[in-house]
Amino acid sequence: MGLELIDVHKSYAMNTGRKQVLRGVNARFEKGERVGILGRNGTGKSTLVRILGGVEAPTRGAVKRSMSVSWPIGMAAGFQSSMTGQDNCRFIARIYGRPAQETVEFVESFAELGEYLRMPVGTYSSGMRSRLGLAISLAIEFDCFLVDEALAVGDTKFGRAFAARLERAGLIIVTHQPSLVRQLCTRAAVMDQGTLTFYEDLDEALATYNSL
Amino acid sequence: MSEAASRPPLIDCARAQLRVIGALVIREMHSRFGRRRFGYLALFAEPLLLAGTIALIHQTRSGGEGIRGNFEFFAIGYLLFFNFRGIVTRSSGTIPSSLQLLYHRQVTLPDVFYARHLIESVACTGVMAIFVFAAIAFGGDAPDSPMKMLAAMGLMFLLAQGFALMIGAATSEWHGIERGIHVLTYLSMPFSGLFFMVDWLPTWMQEIVIWVPMVHIFELLRDGQFGDRFRPVYDLSYVAAWILATHLIGLAGLRVARRRIGLE
């Protein structure tokens with residue numbers, strides 16, 4: 001059970017030719033593992049998240065997924081901004097085959113959105129959006145949560161409740177904030193120039209990242 | 001995708017896809033008609049009003065000589081065309097309006113199209129039923145074969161879907177064609193079989209219009225509506241070939257498009 005990337009390459013067509021974003025990424029994530037992936041802006045972090053989440057296909061290489069992995073949860077991802085938080089919640093519950101009403105009730109009790117749950121997502125602040133996304137994904141109960149940046153949860157009531165839930169779940173978090181990795185992860189990797197290097201030791205990973 | 005290691009059985013895939021299409025239908029209804037209780041009525045109001053008015057105009061102008069001036073001829077015929085037009089003209093907006101949904105990997109581009117087309121066709125079929133019953137209530141004849149009429153609506157749905165998939169894929173690569181689509185669907189109206197029966201035309205024109213797939217579907221509809229009262233001309237295998245070809249090109253195009261559209 002896990003998620004495996006085997007020699008994954010990804011390039012995009014640009015006006016000036018093809019831009020290589022990922023150049024041979026190898027990785028294996030076991031079920032229940034909590035892994036942080038650190039990378040500076042523009043090193044291909046978001047591309048990696050989309051490939052892990054199965055939203056984009058690699059140009060070359062293989063992705064083997066044998067556990068349930070969430071969609072890439074981040075600032076904007078996966079919501080229809082003209083629809084209310086509640087309707088987005090129902091839609092996502094339906095496509096994952098979960099009961100819609102229960103999901104809404106869980107999100108209502110967890111995400112601390114109050115009346116905003118019945119407002120269009122377009123009116124949300126970025127913190128509210130990420131709370132909504134995280135709450136819905138927790139209601140659906142994935143083996144592995146895939147989080148892209150923007151975990152503006154901090155030391156709030158929601159942040160603590162979220163961290164408590166995550167203790168029992170797998171997590172892949174892609175970020176440029178070393179503190180988040182130290183707080184939530186047991187293993188870390190550094191993304192640089194389209195390749196991914198794993199470190200068994202968190203401190204070693206953070207030191208490498210800081211020297212980049 | 002190279003996920004052969006853990007591919008679920010086919011039946012699970014089908015079930016998951018139906019679940020996604022169902023959810024997309026509900027989403028589309030909400031975003032188009034709002035959440036108020038009678039919002040859904042708007043779905044039926046548009047084809048109902050358009051087809052009704054156009055039929056009335058034609059009836060008063062031609063003064064009612066047999067089938068040509070018949071209310072059912074235009075009202076129900078127009079619904080068939082309305083279904084085609086509704087599906088095809090909306091197709092260019094489908095991909096832009098569903099980009100955010102693609103973050104969920106079980107949502108595929110064709111599913112988004114299918115959901116929209118289902119809504120459109122259900123609305124047109126519903127209004128078609130209303131017109132048929134209304135016509136009978138006001139002293140018209142019952143249709144000769146309702147099944148043939150439903151089959152015509154089904155074929156029009158599939159033909160329009162084939163075109164919509166192709167146009168959707170093409171517009172995601174080349175913006176600007178979408179402006180031409182409205183003009184083309186509008187201009188296709190006189191050639192669609194909406195205003196004539198093949199049998200009424202001179203031979204040289206028959207030989208031309210018979211190449212238009214929509215004409216065959218209209219003939220099937222009229223066969224179901226009026227039975228033996230005139231001679232319909234249609235070849236359903238020709239329509240099936242069009243449906244198959246447009247679907248293949250469209251689905252292939254969407255696969256290419258999916259790889260090329262960037263998510264933020």
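This is a predicted model: local features need pLDDT of at least 70, side-chain atom pairs count only at pLDDT 80 or more; totals for chains, interfaces and linings use all residues.

**Entry 1: chain A as a whole**

I began with burial: buried residues make up 44% of the 212 residues in chain A. I call a residue buried if 20 or more other C-beta atoms lie within 10 Å of its own, exposed if 12 or fewer, and partly exposed in between, with C-beta atoms placed from the backbone.

Residues are numbered from 1 along each chain as its sequence is written, and chains are lettered from A and ligands numbered from 1 in the order in which they are written.

Next I looked up the overall dimensions. The C-alpha atoms of chain A fill a box of roughly 45 × 40 × 30 Å along the principal axes. A compact globule with 212 residues would have a radius of gyration near 17 Å, and chain A has 17 Å, so the two agree. The radius is taken over C-alpha atoms, and the globule rule is 2.2 Å times the number of residues to the power 0.38.

I also checked contacts, meaning pairs of residues whose C-beta atoms, placed from the backbone, lie within 7 Å. In chain A, 68% of the contacts with a separation of 6 or more are between residues 24 or more positions apart.

**Entry 2: strands and helices of chain A**

How many helices and strands does chain A have? I found 7 helices and 8 strands. These are DSSP runs numbered from the N terminus: helices are H or I with at least four residues, strands are E with at least two.

An open sheet of 5 strands in chain A runs in the order S5-S6-S3-S7-S8, with mixed pairing. Two strands pair if DSSP finds at least two bridges between them. S5 and S8 (195-199) of chain A stand at the edges with a single partner strand each, so one side of each has no neighbour in the sheet. On average, neighbouring strands here are turned by 20 degrees against each other, direction ignored.

Inside this sheet I followed one pair. S3 (residues 34-39) and S6 (residues 170-175) of chain A run parallel and are joined by 5 bridges. A:Arg34 stands opposite A:Leu171 in S6(A).

Helix H7 (residues 202-211) of chain A lies across S3, S7 (187-192) and S8, at about 20 degrees to S7(A). For such angles, axes are lines fitted to C-alpha atoms (for helices over the stretch in contact), and values run from 0 to 180 degrees between N-to-C directions.

Then I went to the start of the chain. S1(A) and S2(A) form a hairpin with 2 residues between them. They run antiparallel, with 11 bridges joining S1(A) to S2 (residues 17-30). A:Ser11 is opposite A:Gln20 in S2(A).

Most residues other than glycine have a negative phi, and I wanted to see the exceptions. A:Asp7 has a positive phi of about 45 degrees although it is not a glycine. A:Asp7 sits in strand S1 (residues 2-14) of chain A, and with 13 other C-beta atoms within 10 Å it is partly exposed. A:Glu141, not a glycine either, has a positive phi of about 60 degrees. I found A:Glu141 in the loop between helix H4 (126-140) and strand S5 (144-148) of chain A.

**Entry 3: chain B**

Which secondary structure does chain B have? My count is 9 helices and 0 strands. Buried residues are 38% of its 264 residues. Its C-alpha atoms fill a box of roughly 65 × 45 × 40 Å along the principal axes.

**Entry 4: where the chains meet**

The contact takes 25 residues from chain A and 23 residues from chain B. On the chain A side, strand S4 (60-65) and helix H2 (85-95) are the elements that give two or more residues. H2(A) gives the largest share, 5 residues.

**Entry 5: the core**

The largest nonpolar core has 116 residues, and those with the most contacts inside it include A:Ile172 and B:Leu159. Such a core is a set of buried Ala, Val, Leu, Ile, Met, Phe, Trp, Tyr and Cys residues joined through C-beta atoms within 7 Å. Helix H5 (residues 146-173) of chain B gives the most to this core, with 15 residues.

Notes
Two residues are in contact if their C-beta atoms, placed from the backbone, lie within 7 Å.
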